[in-house]
Each structure stands twice: as C-alpha cells, then as structure tokens.
Amino acid sequence: MKLRAIELTNIRRFAGRSARLTGIGDGITVLCEPNEFGKSTFFDALQAVFFERHGSRNAVIKSLQPHAGGAPEVGVEIELPEGRFRIVKRWLQRPQAQVFDASGRLVAQADEAEAWIDRIIGAGLHGPSGLLWVRQGLMGVEPDGSGTEDRRERERGLSTRRDLLSSVAGEIDMMTGGRRMDLVLDKVTAALSVLVTDSGRPKANGEWKRALDQADTLAAREAELRRGVERLSDDLSRRSELQRTHARLTDPEAVAERAAALVQAETAHAAALAHQARIAQSETDLRLARLDAERAETELARLGMLTNRRAEAEAVLHQSEAAVSDARARADDLAQRERAAATAGEAAAASTRDLRLRLDRANRARSASLARRQAEDLRCRVARADDALADLERARAGRRRIVATPETVATAEAAQTALDLAQARAEAQAVTIEALPEGEARPLLAGQPLPAGLQPLLAAAELTLPGFGRLRIDPGTARMSEPSTAILAARKRLDQALAACGAESLAAARAALLQAGEFDSEIRQATALLAAIAPDGIDALRSALARALADGADALTEESAEDPEILSVVLTTAESAETAATAALRVAHDLATQANQARAVAEAHRTSAERVLSAARSEAGDAADLADRIARLAATVPPLAAARTTAEATLAALRASAPDVATTEARLARAKGASDQAAQESARVREDLAGLNASIAARADEGLEEHLSSVSEERAEAEVRAARYEAEVRALTRLRQALDDARTRARDTYFAPVVRELQPLLSILHPGARLLIDDATLLPTALTRNGQEEPLDILSGGTREQLAILTRLAFARLFAASGRPVPVILDDALVHSDDDRIEAMFDALHRTARDQQILVFTCRQRAFAALGGERATVAIETA
C-alpha cells in the first residue's frame, strides 16, 4: 500500500475548510512546515481512517472535531497492486465510510468499506500504529505512558510484531516457545533446589552436601595418607615426562616445519579467495548474457504475434466486405420485388372498386321482384361488415400495443453494433490463450473443451488441464478498465434503445416490428374488405337493409345492360386477386425488411472488422518497418545465444577448477593453531618443571600406609552415595540446559528476520554494534558497542530515538518482504539528534526508501534540507 493524497475537511484548525496534502512519492516525501501548521493533525486523521470505525464516538474521534463542532471528514487516496482507490470517512454526524476506485465507482461502503480497509492493511495484523508510525515527541520504541490508549498501543504493537515475525520466521514449536516450557522448567528448578544452590553447588544441610562432605573428609584423609607415599615418586616421573616434552617442543626442525606449514597454508587460502572472486564475476557475466538473450527472444515473439494479428484482421475484413456485397444485392432485388407487388396490388384494388360500382348499378336496376333478394343480400353484407369491423378493431388493438418503429429498431441495431465493436476492442486488448494439445486429451475452459486457435479472456477464468490440474488465469482489472467502461456505456445505450422499442432484445424488437407490419396488413385488408362490403359505412348499409325490408318491392329501377350475377362472379374473382396481391405484397415487404436487416448486420460486422484492422495496423506499425525489426532481432539471437553458451562454459570451467575455500581456510586455521599451541605448551612445561623441582627438593619421605585400607573402604561407600545424588543433579541440570538451548534456538529463529533487516541500518550509525532483543516484548533492550552492553534506559534521548526509528524501518522492510507493504510516517522525529547522527539517519532512511514509502512531517527546515526526497504540498480552501 502506498499513500498518494490526504484530504481533511472540518478537522481541528481546519474548521469549515478543506486541506489537501499531495505530492507523496514512492520513496521519501517531506512535508516541512512551521509549528501549528497542522502536520500532527494529518498524522492523527490518517490513523483514524485506518484504525477507527466510522461509527465510533470515542475520545480519539472527538479530538478531531473542531471547537465549532460539525462532522470531521477525512479522505485518503492510496495505490494498491490492483489500482488506485480513495477512502472517505466521516464521523459523529451522518457517519459513513466509502471506498471508490480510480474511475469514481463506489467499491464498498459502511461495514463493507471497513472490511475492505482491514484486508488491505493485512489480515491478522493490527496495523502499523505504534510500530511504523512515529507520533510527535515519541523517543522510545513503544509509547511510554500509562494511559488506556498507550496500553492499547503497546498491546497492538506487540501483537503486530508477533504476527509479523511468525509469518516470516515460520511456525515456532509450542513446547520451546510457550507456557508449557515455563511449567517444565519450574518443576526441574524445584527438584534441583532441594539438592543444589542457584549457582549449582551442593545445598547446605542437603543429602548430597552431607554425602559429599563425608566423602571429601575421607578422601582428604586418604589423599593425605597416599601423598606421603606416592607424591615424590609421581613428581619424579612427571619431571622426566616434562623434560622429554620440552625437548620435543623446542626442537629447531619441528619449529621450522610448523612455520613453513603456516606460510604454505596462508598462500593456498589467498589463491582460493582470488579464484572465488573470478567465479563471482563469471556468474555476473552469465546472468547478463541470459537476460540479453531472453529479452531478444521475447521481443521477437511479440513482433511475430503482431504480424499474425494484422493478417488475421485483414482476412476477417475481406470476408466482411464479401458478406456486405451479397447482402446489398439481395436487399436491392427484394426491394424491386416489393415495388412490383405493390403495383399489382393497386391495380387489383382499382379493378375491384370498378366492379363494385358496376355491380351496384346493376343491382339497383333490378326490378321490384328482386327486392327481397336484395334485402337478403344486404343482411349478409351487414353480417360480413360486422365480422370485418371486429377483425379491424382487433388488429388495431394489437397494433396499439406495439411501440416499436423502424426508427427505434434502427437505433437499437446501431447500439448493438456499437456494443459489438466495444467487445471486439476488449477482445483485441484481452489476454489470449491457445490450446496446443498433444494426444487426445483437450483442456477445458469453464467445463467446455477449449476451441482451437487464440481465445480472448475478458475476465478471470479457470482452465482444466488433464493430467495436471486446474490453472486460474486473471487478465487483471486495471488493464481492462477502459474497454469495460466502453462496453458498459454501449450496453446502457442498447438497453435504452430496447426500452424505447418495448422489447428485451434486438431479436424481440425486430419480431415486434415484423408483427406490427402484419397487423398493419390485417388493418389494410379489413379496411379494404369493409370498404368493399359497405363503401358508405356500416350504418348506411344497415339503413339500406332497413329500407329494403320496409319498402319490399319499392326498390329503384335503373337501366343496366350488365348481368348482376356475372358481375358478382367477376367481383369475387377480383376480390380474390386483390387478396392474393395483398398477401404477396406483405410477403415481399417482410422479405425486403429481413434483407435490409441482414445488410445492416453485415455492414456493422464490416465496420467492426475495419476498426479491428486499424487497431492491429496501428499497434504493428508499418509492415516494412516491422519486417525489418523482426529481421534485425532474428539476426541478434544467434550471437546472444553464443555469448550465453560461452559464459556458461567459462563459469563451468572456473567451477570445475575451483579450490575448496573451506578446506584451505581449515588448513590455515590448523597451521595457526598448531604453532600457537606449541608455543603455549612450551611455556607451560617450563613453569611446571620449575614447580616440580622446588616441590621435590622441599618434601621428605613419609610412611603413612597403616590406615590407608580402612579409610579407602569408608571413602568408597561415601562416594557411591554422593554419586547417586550427583547423577540426579547432572540429569536435572542436563534437562534444564537442553530446555534452555531449545528455547534459545527458537528465539534465534524468531528474531533472525528483524535482526537481519536491522543490522545494516544500525551499522550506519554504530559500526560493529549489536542490539539485544527481549523475549517477551520482541523489542531491543540493550545496545552492545565495543564489547560493552548498555541498557536502553541509560542511553541518551537522541540515541533511543534513533534506535526506535531504525527498529521501525527494519519492521517496515519485514512488512514489505511478507507482501504487505505499509508506509513509514515520522511526525517531527529526530529532534534530539546532533548534526552527524542526523545525516547518518538520513542515509538509513534513503537506504530503506529504495523500496519503501516514507512520509516525514517536520518543522525544522534547515536540519531536514539535507534529507532530500520529494516535497509534499498542502492546499487549503473553504469547504
């Protein structure tokens, strides 16, 4: 996690205003402002965002509220491997917690936002508060107050350190590092306390002490008796042995041989170290040669992929253009057929109307004898007119329910084309996979066999590999965010267009438009039929029927040369022809509409193919230039491979001929040890000879063998009893030592990560110094310099402050190494450091900042001018 910006609204001195801190870089960033500017306010607000719930009303939150009241609000922009996010929290009034991504989309809010924050600061960790973030005025490694917040800070820091060290040092055995070890040690110590003192000596008035005292008294008496008999003889024998040893040690040839062996061992060890340096240089050359060869091969593969992509896009465009040409030809042909059908329908309708007029005149010319038949005919026509009117009303009701029009359907088709284009672009930018199976087994993507060729992945997917297992592939959310936004926008426009059509899909909209055409055709047909049956309207037809029934034979007579029956047959034929023409027109119209839709789809596909080809050409560049680049890269691959092979051969030869450094070092140590041991032993022999000569000259021969046998028996019994107690003590002591050794090994393993990170930083200030770490607090307790151990509480305030910051830098590197990077924040730190120490601390900060974000708040413009780094700025404006 990296901080990018901090924004405060209505916080303390910024009441009714907004203050935004920006310019935070990846390494060291310094905010250098005078006292009471609000630096500690930014520090406290940042801690509140990450470690206080938005619903909290505790003293920490209330301390952020200005005197004028209101709701304090803090916004923090952070950068994660998944992208950039903004966290916003407000407390007290309408409390809320929200998380937005870089595009402004709401990712989480309320409790989900709090859970999201917990995840990014690390599951199982309690945050860097009190561990990596140094509050103003803090000189120690932990808060040294006695308040509730200080105790919570210390407990949270200890839990954080234990979690972190356990994660990087591995599991520590519960027996060697837990309460069970303490219980066993207490029992062993209690058993030993009955027999021995704390220093390991036999305890006064104890059984072992009484047995030892009795054995010692008897042994002293026996020794006194034996010394008089044996001491002189032993001293004489010892003197002869020492004289022979002295002669052997001072022999000139032996001395010269040891000196020559030492010189030879030193020469061989120096040659081995030089050969080892040549091997290290050869390894570096081999790594560089491999990197160059791999880089050229990777670039050559990428250029080949671009060439294939452009060729595939050209082929797709060619196919799309052919499809567009075919669709246009078919649409033109069907449009011409529709016009012909319309002309034929109009002619049939005109002929029908003429025949109806002629038939009407012939019917009116009928004599009165035909009046009854006419009335019957009118009755039939009224019935047919009622049926036609019912069909017309039904068709009109169905047509009113359909809101789709050719314009709204065309808009939906355009939106669909835009969506297809956005998806094509996303597929062009997506990660692609290609199956190249060997044998009959084929990989499965989402449970289905993976098709042949390159397949784009627009989202995370799981690939099943027979004989291997499953492989999860995630193309990443950051690189797909822009195509995904375009797809979402295109899909939204399509949804709006479909809503205007009253349909759920484009196919449904087209079907609705087709059904609307059918309803229009039925309306026209029913209208035409109604007009044919009742040209003057159905009411007029009913009136005519009423008059015909009332008047009977009083119908009008009119001269007519045409036979009504013949005209009726002809009219029926004409009506059938008109109906057939109408049906043919409807079919022709439907076919023409479908052809136009097919042409629109083909043109959309062609447009999409053109855009894909344009993108491929833009990415690949000029074809000649691309081919030239491929040729140049292909030409560099063999020399680079040859260089790599040469470097490998050179390194193999050096390793094959390399002497064993450990062996030469062991020989050198052995030669030095032999020479030093001979000198020490010669001096000791001279001293022993002088002592023996004096003892032999001063001692007289004594006869004390009378009581030797009885005293020896009593002494043996006492020693057997004492030996039993001694064996028990040795067993208990050995058990306690084994337990202590196991705990020491576990502690060394536990502390190894933090010591490994802390030691290089400590060497910048105190070369050769070492920090001792406490088992319980997991923090430094003493500083060892020049062989002298100095507890932290006797060190100066400046030294303790420096060690506290170095320890935090070491823990920060452990956070980063465990995959949970957390920025280090120093609020007015290093206030007690002298000029030389503060520059050394600046070096330590820069050494850590190579892969660690560090934010420094300070009011000391001159002292921190030499720190360097990026400079943060604060903009204040009215909220």
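**Notebook: salt bridges, a sheet and its cores**

I looked up Arg12, and Arg12 is partly exposed, with a relative accessible area of 25%. For my own reference, buried means under 20% relative accessible area, exposed means over 50%, and partly exposed is in between (1.4 Å probe, protein chains only).

A note on what I'm looking at: this is a predicted model, so I kept in mind that local features need pLDDT of at least 70, side-chain atom pairs count only at pLDDT 80 or more, and totals for chains, interfaces and linings use all residues. Residues are numbered from 1 along each chain as its sequence is written, and side-chain values use heavy atoms, with hydrogens and water left out.

**Entry: charged pairs**

What does Arg12 pair with in a salt bridge? I found the side chain of Asp44, at 2.9 Å from N to O. Asp44 sits in helix α1 and Arg12 in the loop between β1 and β2, so I noted a link between distant parts of the chain, 32 residues apart. (Helices, H or I with at least four residues, and strands, E with at least two, are DSSP runs numbered from the N terminus.) Asp44 is buried, at 17% relative accessible area. My rule for a salt bridge is a side-chain nitrogen of Lys or Arg within 4 Å of a carboxyl oxygen of Asp or Glu. Why would such side chains pair at all? Opposite charges can pair when the charged atoms come close.

I then checked Glu114, which forms a salt bridge with Lys89, with the closest N and O atoms 2.8 Å apart. This pair also links distant parts of the chain: Glu114 is in helix α3 (residues 111–120), Lys89 is in strand β5, and they are 25 residues apart. Glu114 is buried at 4% relative accessibility, and Lys89 is buried at 0%.

Glu77 and Arg84 gave me another salt bridge, at 3.7 Å from N to O. Glu77 counts as buried at 16%, while Arg84 is partly exposed at 39%. Over the whole structure, the search finds 24 salt bridges.

**Entry: the sheet**

In what order do the seven strands of the open sheet run? I read β7-β6-β5-β4-β1-β2-β21, with antiparallel pairing. Since β7 (106–109) and β21 (873–878) stand at the edges with a single partner strand each, one side of each has no neighbour in the sheet. From one strand to the next, the twist averages 15 degrees. Strands count as paired if DSSP finds at least two bridges between them; β4 (residues 73–80) and β5 (residues 83–90) have eight. I traced Val76 to its bridge partner in β5, Ile87.

**Entry: cores**

A nonpolar core is a set of buried Ala, Val, Leu, Ile, Met, Phe, Trp, Tyr and Cys residues joined through side-chain atoms within 4.5 Å. The largest has 42 residues, and Phe50 and Ile78 have the most contacts inside it. Helix α1 gives the most to this core, with eight residues. I also spotted a second, separate core of 36 residues, which includes Ala388 and Ile538.

**Entry: confidence**

pLDDT is the predictor's confidence in each residue, from 0 to 100. The protein chain averages 76, and 81% of the residues score at least 70. Which elements have the lowest and the highest mean pLDDT? I found helix α5 (residues 174–177) lowest, at 42, and strand β6 (residues 96–101) highest, at 93.

Notes
Axes fitted to C-alpha atoms, helices over the stretch in contact; angles between N-to-C directions.
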